[in-house]
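Have a look at the structure first.

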Amino acid sequence: MQNQLAGRGTLLRDRVFMWLLFISLAIGVLTLAILLIYVTVKGWPRLDLRLFTNMPSVRDAQNAGAQSAITGTIWVISFTALIALPTGVLAALHLEEFARPDSRFQRFIEINIQNLAAVPSIVYGILGLAVFARALALGQSVITASLTLALLVLPVIIISTREALRAVPRNIRDGSLALGATEWQTAYRQTLPAAIPGIATGTILALSRAIGEAAPLLLLGAVSFITFNPDGVLSGYTTLPIQIFNWTKESREEFQVLAAATIVVLLLLLLAMNFVAIWIRNRTQKRW
Amino acid sequence: MALNTASETAEGLSLRQSRPRYGEKVIRFVLAAAAFVSIFTTFGILISLLIPSIEFFLEVPITDFLFGTTWTPLFKDGEFGVLPLLSGTIVITVIAIAVAIPLGLGASIYLSEYASTRVRKVLKPTLEVLAGIPTVVFGFFALEFLTQLVLIKIFPGIEVFNALSAGLIMGIMIIPTIASLSEDAMAAVPSGLRDGAYALGSTKRQTAIKVVIPAALSGIVAAFVLGISRAIGETMIVTIAAGLQPQLSFNPLIGMQTMTSYIAAAGSGDLATGSIEYKSIFAVGMLLFVLTFIMNIFSIRLVRRFRQVYQ
């Protein structure tokens, strides 16, 4: 009867196994879909211009908006990028192009960066509180938040920049060096430009992580109700995730709707950033 | 004059560098300094945790902290036994891991061994979108949707803030971490091993379970450990959905406080720098850092060893 190598029971088990695997993947994807639909439907009644033109409130749900949170997010993220991007790219250039590979110290730096990428974000909040807010007396300001978030995303930027640099073929460097360019000229004029698409993608993804981050900012003063837009780096601030968090704590249903509407704004912002990242990757993908 | 030109040319052609390049040295120094920022960060974290922690342990004996069963920092004669925070962290982490390990591993086997290239191209990025959702959004979803629309119907006695909803949603959040790292590990298994198994008559399932998973095991374990580390360190989901009540209990239907949500709650108030409550943030933070540090290093080492085997 059975001329197959595997018996019928085995084949049935194989099918069941495959379906179980598929279901485990589907549960994640389905939860994502339910989450997106739920927040959109829930936030829909308040998804209008008031979110952008009005200031937050915990009393007047009808007229509350999220303007200070939107401007605060833009301020904080701009300075985060300004600090983290150059530092991360320079550090990656050092590790990938200049440092002696496989020295003991180099391995230590690498493990250190990998560990920093996995340190809980709230620990960065503690660092920011102790060092930037209190020891350096920068207080609960935009720059404290930006410095803290910059340290938080730095490992991610370093790791993705190194990958982008590593993907640039060796012979481009060799060609440049053979023509008499110094190592820095080679790195700056040949390797770095060739790696820019990869660096841009990695940086945008790192910054979108910083935009959604709330935990460290809880320790850095973003929780207090801010009904003004920041006017400088030492100004008080709030951000979108913090504003969402503040509204989830309110018991009245209107504020939950407001939270959902603000979540939609935050997710759209992240979606736009991700599209830019994918667009850059697809547009400039080079094959060597 | 002709002689002069000739010697100049000869010098220009010489492979020896003609003059020291100071600019090059300065730039190298700047680059190295940027790389050192990561080391300063680690030292900054250690020092900013250590000093207030030591001050804390001068007031509260470390044994009272580690083995005490009551956490009441805001009372007049507050007690600082961290076990209730630890048990809250453990309960929620166990729930999250019970969701994330089977689903993450299942998803990774499907993506690496079963899915066609086309299906992979759609499903993998979709799963990774999960990793990009801000945790505050997951917290909102756990509290408003999962607890109030779903769990309350299944467990009528459940509290509004409970460990179960936070744990379940955290598990979903960690799926991409576990799935993508395990998939990397499985993709690195040489296809010769699979072909050998097929040649001996194994089915796809037998190959996956008996050949690919064992071959990729250290990479998969590294993914699990990193997932656990993320669960322990996650803050916003528990702060929003699990409540702020320290409880030494293993009942997932009640509210609990974790190490992270204590830090968030205490730290967002305006505490005086020298007060014992302020220092307690750092003591709990130290414990959190040490626990996640051990797991991260373990996971990083496993991945390294795994890479060495197949390269």
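In which loop of chain B does Lys76(B) lie? Lys76(B) is found between helix H3 (62-67) and helix H4 (83-114) of chain B; helices here are DSSP runs of H or I with at least four residues, numbered from the N terminus. Lys76(B) counts as exposed because it has 5 C-beta neighbours inside 10 Å (exposed: 12 or fewer other C-beta atoms within 10 Å, placed from the backbone). Its C-alpha atom is separated by 20 Å from that of Ser53(B), 23 residues apart along the chain.

A word on the source: this is a predicted model, in which local features need pLDDT of at least 70, side-chain atom pairs count only at pLDDT 80 or more, and totals for chains, interfaces and linings use all residues. Residues are numbered from 1 along each chain as its sequence is written, and chains are lettered from A and ligands numbered from 1 in the order in which they are written.

Confidence in chain A is given as pLDDT, the predictor's confidence in each residue from 0 to 100. Of the residues of chain A, 95% reach 70 or more.

| Part of chain A | Mean pLDDT |
|---|---|
| Helix H2 (residues 50-53), lowest among the elements | 88 |
| Helix H6 (residues 142-166), highest among the elements | 95 |

Now to the two chains: 68 residues of chain B are in contact with 68 residues of chain A (contact: C-beta atoms, placed from the backbone, within 7 Å). On the chain B side, helix H2 (residues 22-59) gives the largest share, 17 residues.

Terms used: Helix = DSSP H or I, 4+ residues; strand = E, 2+ residues; numbered from the N terminus. Buried ≥ 20, exposed ≤ 12 C-beta atoms within 10 Å, placed from the backbone.
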